[in-house]
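Trainee: Could you walk me through this model, feature by feature? I would like to learn how each one is read.

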Amino acid sequence: MTHPLEAPQRSRKYPFVHMRIADHSGLDTIEGRHNCRLCNRSRKFFCYSCCVPVGELEELLPRLELPLQVDIIKHKKEIDGKSSAVHAAVLAPAHVRIHTFPDIPDYREETGVVLIFPSATALTVPQLFARNVQLQIGDNYGLPKGHHMGTMLRRRMDEVEVKELQEDANEPEQARRTWTLDNLPVRRAVFIDSTWNQSRGIYADPRVRGLRTVVLQNRLSQFWRHQRGSPRWYLATIEAIHQFLLEVHINAWGLNTAYRGLDNLEITEGFHQLAAPLTKQAASEDVGREAPYNGQYDNLLFFFAHMYDLIHKYYDHNDLIAYRRPI
């Protein structure tokens, strides 16, 4: 934990090393723009309106299968071309759909849906899987009296102790529930793609207000563009989707001991503590859908990692305001 008066030490390690992200260097060789086959608008790599790749890229992109459906609710003032949410829809088209608020489904009519949003009653992913995990919030997350997690969450989750009760951590593996793609506790996850103030307006809509909310284990964002005043652990939408799926997969099927892709992601220590009992020996190349996590969803960061590399090619890491924010 970093004391608020101390200058935090910053890692210069490449965040995506060892992750299973397809080679994206070919994106640098694509010249010019191409017309979208659906709307005929001129685009570079993909059409951010139709969520489809354009030109030769259509045959070259990695495609992902996700363990659940992902819905993204985009505020109408969000600029399509600047949102990372569209990356998920392009790379996993069978499992991701984007809605522009207020034109959204009525989630009250569907079961197994959760909203990724830090409400006052938000659960952690391990709690969705009935792991006996509790948040220690005796000091109200360090917030002033009268505020709560859903209105002014300003502390990282690793400063709020997350612990698994000893009797649950020591439970024999064979006694734990066996999870499959057909019986996961979540069938659809909803993400809000907007500023913090805009997201609270969307959350007030009765079609989403009644959903169970989930809070993620924090990791530092690698996004080069940020909301003014936001700390480093406010993730870009595509980072949040990757983090949620990562946590779901590990809680359902474990973490491959050979996988090193998490080493430089700067995820809170609480995440690693809860993942430790779930690590499993498996083949280093096993990326089966129900195999221990071995980078199955890392390609969600395909475009994100490419842009990260491009930005850092022309700008020094420590000169970018996004990486000098409080953590």
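Mentor: Gladly, and let us begin with polar contacts: a polar contact is a pair of N or O atoms within 3.5 Å; within protein, one must be able to donate a hydrogen and the other to accept it, and residues adjacent in sequence count only if both atoms are side-chain atoms. Here, the Q198 side chain reaches the backbone nitrogen of T195 at 3.0 Å. Before going on, note that this is a predicted model, where local features need pLDDT of at least 70 and side-chain atom pairs count only at pLDDT 80 or more, while totals for chains, interfaces and linings use all residues. Residues are numbered from 1 along each chain as its sequence is written, and side-chain values use heavy atoms, with hydrogens and water left out.

Trainee: In which element is the place of Q198, and which residues does Q198 touch, not counting residues up to four places away in sequence?

Mentor: Elements first: helices (H or I, at least four residues) and strands (E, at least two) are DSSP runs, numbered from the N terminus. Q198 belongs to helix α4. Contact means heavy atoms within 4.5 Å, and beyond the residues up to four places away in sequence, Q198 touches H75, K77 and E78.

Trainee: Does Q198 count as buried or exposed?

Mentor: Buried means under 20% relative accessible area, exposed over 50%, and partly exposed in between (1.4 Å probe, protein chains only). Q198 has 17% relative accessibility, so it counts as buried. For another case, take D80, in the loop between β5 and α1: its relative accessible area is 27%, so D80 is partly exposed. Leaving aside neighbours within four places in sequence, D80 is in contact with Y48 and K74.

Trainee: In what order do the five strands of the open sheet stand?

Mentor: Two strands pair if DSSP finds at least two bridges between them. The order is β6-β5-β10-β7-β11, with parallel pairing. At the edges stand β6 (96-100) and β11 (212-214), each with a single partner strand, so one side of each has no neighbour in the sheet. For angles, axes are lines fitted to C-alpha atoms, for helices over the stretch in contact, and angles run from 0 to 180 degrees between N-to-C directions. Neighbouring strands of this sheet are turned by 30 degrees against each other on average, direction ignored.

Trainee: Which residues stand opposite each other in the pairs?

Mentor: Start with β7 (residues 113-116) and β10 (residues 188-193), which pair in the parallel sense over three bridges. L115 is opposite V190 in β10, and V113 has R188 as its bridge partner in β10. On to β11: β7 and β11 also pair in the parallel sense over three bridges, and there L115 has T213 as its bridge partner. V113 and L115 point one way from β7, V114 and I116 the other way, and all are buried.

Trainee: And β5 with β6?

Mentor: β5 and β6 pair in the parallel sense over five bridges, with K74 opposite T100 in β6. Together, β5, α1 and β6 make a right-handed β-α-β unit; right-handed means that, with the strands pointing away from the viewer, the path from the first strand over the helix to the second runs clockwise.

Trainee: Which strands does helix α4 lie across?

Mentor: Helix α4 (residues 196-203) lies across β5 (69-74), β7, β10 and β11, at about 135 degrees to β10. Helix α6 packs on the sheet too, touching β5, β7, β10 and β11, and its direction makes about 155 degrees with that of β10.

Trainee: Which residues of α8 are buried?

Mentor: They are F302, F303, F304, A305, H306, Y308 and I311. Their cover includes β3 (46-47), α1 (85-91) and α6 (237-253). H306 has a relative accessible area of 4%, and its contacts, leaving aside neighbours within four places in sequence, are with H24, L27, D28 and F45.
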